[in-house]
Amino acid sequence: MIAGAVAAAFPLAAAQAQILVEPDAVGTYAMALDETAVSMQVREAGDGMFEAAVSVSSEGEMVFERTYDEMFSLFQAPVLKLVEMDASNDAPELFVSRYSGGAHCCNLVSIVAEGGDGKWTEIEVGAFDGDPAANYPHDVTGDGIAEIITLDNGFLYAFASYAGSFAPTIVLALRDGAIADVTGEPEYEYVLRSAIRNMGAMPDEGETRNSWLAAHAAMQLRLGEEDPFALADNDFDPEPDWGMTFCKDEGTEAYDCPENRIGRTAFPVALRQFLSERGYME
Ligand SMILES: [Ca+2]
Ligand SMILES: [Ca+2]
């Protein structure tokens, strides 16, 4: 568990039609919502490997098929959720989360959805650390459209080790067939305020303290607070080097940099640069 893995445990604001399948065995799984039906066959693929054949039909017609293969364990079988995520079409969306394997990474998240031209395609959302259930879409605003409440994984390793990192909560939505970061929209303000409360106390010192401040500042920016850097600028720990070094030779990554060309910047500067690169500010 990451230090900053704020549980995205928001109550469902309204009962919403949705079906979740978390396969744990070889076999066929089927679900349907209105005129959209999904089936998944999880089967052995030889050499101890597995594969999962997913198909979607709409009004009785096959509209999407994909076989997810090279799974070394049933743990990697896709978790499926059939739920309304985008009101720009007439069908519910199919949320897909697959475990890639590896120590810290990742749940590969995608959404199969009907486009404006009536064609169904798979839209990549991204790769996310931690508990896959934390990324499952829920309707947190009660408008019948589910959102994904997750963490900005770009903050892991930025100012501290993976285990010592905090990350800001973000809200992702599917709008007109494209993934949009809607965190800053007013209706999600309570999601951010709740995430900030759930961060716990600022760590006493070190890299984890600076990582906590980075996540805090990011969410202050999203909230449009008047002085988003007040806490970070006053309370950062000046000791840690993590995230504060850069190479004076332009275009050279820090790990390739000759020792005498390594520069060091102050946390407030590094933080602003990082948040700017991550799209939190200009
Ligand atoms: Ca839809
Ligand atoms: Ca909603």
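This is a predicted model: local features need pLDDT of at least 70, side-chain atom pairs count only at pLDDT 80 or more; totals for chains, interfaces and linings use all residues.
1. Let's start with two helices: α2 passes α4 in a right-handed crossing (right-handed if the near helix is turned clockwise from the far one by less than a right angle, left-handed if anticlockwise). On the α2 side the contact uses Asn210, Ala214, Ala217, Ala218 and Leu221, and on the α4 side Phe267, Leu271, Phe274 and Leu275. Here, two residues are in contact if their C-beta atoms, placed from the backbone, lie within 7 Å. Sorted by class, this contact has eight nonpolar, one polar and no charged residues. (Ala, Val, Leu, Ile, Met, Phe, Trp, Tyr, Cys and Pro count as nonpolar, Asp, Glu, Lys and Arg as charged, and the others, Gly among them, as polar.)

2. Residues are numbered from 1 along each chain as its sequence is written, and chains are lettered from A and ligands numbered from 1 in the order in which they are written.

3. How do α2 and α4 (residues 267-277) cross? Their axes come within 11 Å and cross at roughly 50°, which makes α2 oblique to α4. Axes are lines fitted to C-alpha atoms, for helices over the stretch in contact, and angles run from 0 to 180 degrees between N-to-C directions. Angles under 35 degrees count as roughly parallel, over 145 as roughly antiparallel, 65 to 115 as roughly perpendicular and the rest as oblique. The helices (H or I, at least four residues) and strands (E, at least two) are DSSP runs, numbered from the N terminus.

4. Helix α2 (residues 206-223) also meets α1 (residues 189-197): these axes come within 10 Å and cross at roughly 160°, so α1 and α2 are roughly antiparallel to each other. This crossing is left-handed. Glu189, Leu192, Ala195 and Ile196 in α1 meet His216, Met219, Arg222 and Leu223 in α2. That contact has five nonpolar, one polar and two charged residues.

5. Now the strands. An open sheet of five strands runs in the order β1-β6-β7-β8-β9, with antiparallel pairing; two strands pair if DSSP finds at least two bridges between them. At the edges sit β1 (18-21) and β9, each pairing on one side only. On average, neighbouring strands of this sheet are turned by 15° against each other, direction ignored. Within the sheet, β6 (residues 79-83) and β7 (residues 93-99) pair over five bridges, and Lys81 stands opposite Phe95 in β7.

6. There's a hairpin to look at too. Strands β4 (residues 49-58) and β5 (residues 61-71) are antiparallel partners over eight bridges, with Ser55 opposite Glu65 in β5. Two residues lie between the strands, and Glu59 in the turn has a positive phi of about 50°.

7. Finally, the domains. The assignment gives domain 1 (18-146) and domain 2 (152-281); such bounds come from an automatic or database domain assignment. Their C-alpha centres lie 31 Å apart, and 15 residues of domain 1 are in contact with 11 residues of domain 2. Which strands each supply at least two residues of the side of domain 1 that touches domain 2? They are β8 (107-114) and β9 (120-128), and β9 gives the largest share, three residues. By class, that side of domain 1 divides into seven nonpolar, five polar and three charged residues.
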